[in-house]
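The sequence and structure come first.

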Amino acid sequence: MRGSPAIFSLGLLLSFIHSPYAMAQGQITGTPGSPSATITIPGDQLPAPPQQFGGKIERDATQSNPYWPARIVPPKGAPNVLLIITDDSGFGVPSTFGGVIPTPALDRIARDGLRYTNFHSTALCSPTRAALITGRNHHSAGFGVVAEQATGYPGYDSIITKDKATIGRILTDNGYHTAWFGKNHNTPEYQASQAGPFDQWPTGMGFEYFYGFMGGDTNQWEPGNLVRNTTPIYPYEGKPGWNLMTAMADEAIDYVNRVQALSPDTPFLIKFAPGATHAPHHPTQEWVKKISDMKLFDKGWNKLRETIFENQKKLGVIPQNARLTPWPKDLIKEWDQLNADEKKLFTRQVEVFAAFVAYADNEIGRVIQAIDDLGKLDNTLIIYINGDNGTSAEGQPNGTPNEVAMFNQANPSVEEQLKYFYDVWGTDRTYNHMSIGWAWAFDTPFSWTKQIVSHFGGTRQGMAISWPKVIADKGGVRHQFHHVIDVVPTILEAAGIKQPTMVDGIKQSPIEGVSMMYTFDAKNANVSSTHKTQYFEMFADRAIYNDGWIASTKVLRPPWVTIAKLPSPENYPWELYDLKNDWTQYEDVAAKNPAKLKEMQDLFWKEAEKYQVLPLDSSVAGRLVTPRPSLSAGRTSFNWTRPLTGTPNGDAPSLLNTSYNLKADVEIPQGGAEGMLITQGGRFGGYGFYVLKNKPVFTWNLVDLKRVRWEGPELTPGKHVIEFDFKYDGLGTATMVFGDYSGIGKGGTGVLKVDGNAVATEKMEHTIPFILQWDEALDIGSDTGTPVDDNDYSTPFVFTGKLSKITLNIDRPKLSPEDIKRLEAAARAAGDGPSTDTGKTSAESATPEISSGVGLSLLQKVELRLDKREACRKQAEVESSGILERIRFVQKCMSE
């Protein structure tokens with residue numbers, strides 16, 4: 001005869017608690033086996049092993065006892081976590097760290113918590129974010145560079161391997177709700193299509209929910225790379241004025257309210273990663289007006305720098321004895337040297353950037369307030385990191401209305417920008433970026449910018465942390481050295497969760513960061529940092545920090561120069577800084593401390609071998625066209641038999657620097673048809689093959705500076721084969737192996753045909769050399785994102801006829817033996833061959849070639865190049881009429 005239910009339950013509970021299995025599984029709260037029972041797991045193994053059935057099973061259910069597995073919950077008191085990281089924003093941008101741009105949300109976190117003045121990134125987007133979510137160094141996590149520049153080495157292949165579970169995966173398996181909003185720059189470019197695989201997408205890396213964009217940046221007005229979980233979405237269609245910054249804040253607010261309504265006792269982790277303030281700078285006009293009315297920048301970037309520096313000392317975020325690093329007069333003009341047109345344009349550029357900063361901070365503030373409104377702020381750990389690297393100088397000296405043009409080595413002059421783009425700056429008609437002078441100023445008090453790891457202008461990020469329940473030293477300032485890899489261990493310690501040793505049966509590599517929680521206690525405000533050593537490397541620029549010293553290589557390539565001939569990375573000159581007495585890297589003391597410098601250099605190579613930093617590679621633009629695995633790799637023929645949208649550039653076949661043939665088998669109904677057949681890219685660079693008012697059209701959009709168009713006669717009803725055949729004149733990307741870029745961006749002849757008959761022939765003098773608009777996709781049968789020509793159509797421009805098949809055949813150029821011999825000889829003559837360094841000293845081989853001129857220093861060469869460019873530009877105004885023609889004239893002139 002069975003005992004009473006109460007006796008049975010008590011006996012079962014006691015037996016379970018004292019069993020070895022129970023101890024391994026964790027502590028159950030509530031009655032074991034009941035629907036409300038919960039369990040906190042040890043967390044060594046994820047997912048947790050299945051819980052043993054503790055009930056009783058007989059043949060008859062009336063004689064059996066059910067037993068529910070306990071629901072996994074985090075340790076009691078584990079906080080909510082709001083992890084915020086903005087983009088391309090240096091130390092001197094926000095008001096919280098001395099900047100002039102108002103950032104009240106970041107100010108709020110600093111006021112309610114702590115301000116960190118010595119926190120570091122990796123100087124580039126994907127790498128910082130990989131380190132942020134894994135707690136490992138960026139090379140350890142496969143992100144030595146951004147995903148779009150991945151190469152086939154473990155430290156650079158853009159793959160976060162399975163032995164490095166993310167903070168999302170760890171907290172999810174420990175019972176947290178987890179979500180990611182905004183930028184995802186940590187999926188390999190060649191795995192971002194709807195064919196997957198999806199294990200390197202946010203939902204595959206352990207985050208339960210994702211709403212954001214895939215890649216380095218996006219059009220905030222019309223994001224063509226926006227997804228929900230793994231499905232592309234286009235919520236902006238038919239909604240003028242829609243902006244992703246507000247939309248993602250709305251999504252995050254909706255999410256936190258939803259999970260708290262359904263599961264109020266379960267903590268959440270939210271990663272909130274706006275596109276702001278990466279280019280394109282797309283704030284709403286309301287915010288542009290607010291900032292413009294404040295007149296923050298009318299005195300120019302040199303005065304701005306002085307103002308920020310004074311503010312920083314007043315706030316105590318830099319020491320009183322800190323020295324402001326010199327302005328790079330040989331690289332960037334001082335404000336007083338600019339003419340009226342330059343000042344007008346550059347002021348407009350920075351006001352739009354600043355509006356984007358303020359707008360983003362406002363939306364972040366809305367998310368924070370939503371948590372407060374739920375009564376959850378007291379036990380919410382908020383980590384607000386201003387920027388994933390220093391402010392970007394990728395806008396070039398004059399800024400650009402189209403970042404895609406800049407990466408393809410083309411950019412309008414100041415006069416052209418004022419004429420064509422000034423009034424629409426920051427709207428959906430630009431993909432804009434600002435002049436490099438502002439970037440340098442916004443990294444005050446340090447030197448250099450994004451991409452540069454050897455100097456703090458590229459790596460020093462202002463950060464604030466609040467946790468009202470725990471941090472009592474409200475408004476405190478912390479100066480301990482820390483790095484982005486320290487965020488994961490901090491969250492884990494705060495949550496009382498340890499790093500798992502096994503995840504999905506795979507042994508986990510150790511987390512490489514250290515927790516910052518010791519700094520939460522006021523008594524530790526001035527103790528030494530627990531992060532003693534940290535290497536830095538990006539594009540062969542590098543540094544090594546160790547206990548108050550940093551050894552740094554000299555900057556041999558300014559970030560706005562993407563193609564440069566540089567010495568072997570082993571021959572880079574080094575500098576040494578005593579950070580205990582020199583907060584800003586103002587005085588190089590290498591000559592006074594040769595033994596210390598040698599010690600630091602040796603330490604760098606040791607760390608480099610340990611963390612997958614080798615081999616060092618100084619190339620930048622060349623990596624954009626490096627062959628990578630993809631759905632199109634190794635293929636020259638492609639067929640589509642039905643509409644398909646959303647294939648990203650990383651998996652789409654590339655028509656750059658090659659010959660190709662496109663054929664569309666269509667059927668035109670009575671009354672005619674129109675719509676997109678195939679397109680890749682959009683308003684800021686790409687091509688479209690479509691039917692417009694029953695006429696076949698092929699358009700090449702040359703980075704929004706020129707459009708080359710082929711148009712045929714009206715199509716009769718019935719079946720047709722519409723064809724576009726392009727013969728490329730250049731040798732292709734293979735020349736780049738020899739350090740020669742002459743094979744790319746060349747022209748060619750395109751022929752539009754209908755049923756085998758040529759109906760339009762056009763010569764293209766130049767083609768896009770490096771990259772199409774990256775936030776758009778290859779689409780069949782309609783067009784997502786933006787049009788390649790706004791004058792012809794608006795999206796989605798669905799084809800109204802019958803599309804039976806589209807065929808693409810690619811004929812890539814091949815180097816002949818004679819081509820190879822010529823390129824090898826040219827490389828040797830230019831100093832690129834393996835024997836050319838013989839007899840050179842390290843100092844001689846350390847001078848980069850950015851323009852002609854032997855024996856010149858880098859700064860002299862850059863200055864010479866700028867002078868020559870100005871002369872070429874003036875000559876182009878006489879020789880050529882169109883914008884693109886003048887740009888190409890300047891490029892040719894510069895190469896002579």
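## Aromatic pairs

A search of the whole structure finds 43 aromatic pairs, where rings of Phe, Tyr and Trp (its six-membered ring) pair if their centres lie within 6.5 Å, and where planes under 30 degrees apart count as stacked, over 60 as edge-to-face and the rest as tilted. One of these is tilted, namely that of Phe-91 and Phe-97, with ring centres 5.3 Å apart and planes at 50°. Phe-91 is buried at a relative accessible area of 1%, and Phe-97 is buried at 0%; buried means under 20% relative accessible area, exposed over 50% and partly exposed in between, with a 1.4 Å probe and protein chains only.

The rings of Tyr-209 and Tyr-255, by contrast, are stacked, because their planes stand at 15° with the centres 5.8 Å apart. Tyr-209 belongs to strand E8 (residues 209–214) and Tyr-255 to helix H6 (residues 244–262), so this pair ties together parts that are 46 residues apart in sequence; helices (H or I, at least four residues) and strands (E, at least two) are DSSP runs numbered from the N terminus. Both tyrosines, Tyr-209 and Tyr-255, are buried. Ring pairs also link Phe-297, Trp-301, Trp-327, Trp-335, Phe-346, Phe-353, Trp-438 and Phe-442 into a cluster.

## Basis of the values

This is a predicted model, in which local features need pLDDT of at least 70 and side-chain atom pairs count only at pLDDT 80 or more, whereas totals for chains, interfaces and linings use all residues. Residues are numbered from 1 along each chain as its sequence is written, and side-chain values use heavy atoms, with hydrogens and water left out.

## His-455 and its surroundings

His-455 is placed in the loop between helix H12 (436–441) and strand E13 (460–466), and its relative accessible area of 4% makes it buried. Its side chain makes polar contacts with the side chain of Ser-454 at 2.8 Å and with that of Glu-575 at 2.9 Å; a polar contact is a pair of N or O atoms within 3.5 Å, of which, within protein, one must be able to donate a hydrogen and the other to accept it, and residues adjacent in sequence count only if both atoms are side-chain atoms. Leaving out residues up to four places away in sequence, His-455 touches Ser-447, Trp-448, Ser-552, Thr-553, Val-555, Glu-575, Tyr-577 and Gln-585, contact meaning heavy atoms within 4.5 Å.

## Arg-460 over two rings

Arg-460 lies over the face of Phe-456, at 4.2 Å from the ring centre, and its charged end also sits over the ring of Trp-583, 5.0 Å from the centre. A charge sits over a ring if NZ of Lys or CZ of Arg is within 6 Å of the ring centre and within 35 degrees of the ring normal.

## Strand pairing

Strand E18 (residues 533–538) has five of its six residues buried, so it is largely enclosed by the rest of the structure. E18 pairs with strand E19 (residues 541–546) in the antiparallel sense over six bridges, strands being paired if DSSP finds at least two bridges between them. Phe-536 has Ala-543 in E19 as its bridge partner, and in the hairpin of E18 and E19, with two residues between the strands, Phe-539 takes a positive phi near 55°.

Elsewhere, six strands form an open sheet with antiparallel pairing, in the order E22-E33-E24-E29-E30-E31. Its edge strands, each pairing on one side only, are E22 (637–640) and E31 (757–764). Within this sheet, strand E29 (residues 718–728) and strand E30 (residues 748–754) run antiparallel and are joined by seven bridges, and the bridge partner of Phe-726 in E30 is Gly-750.
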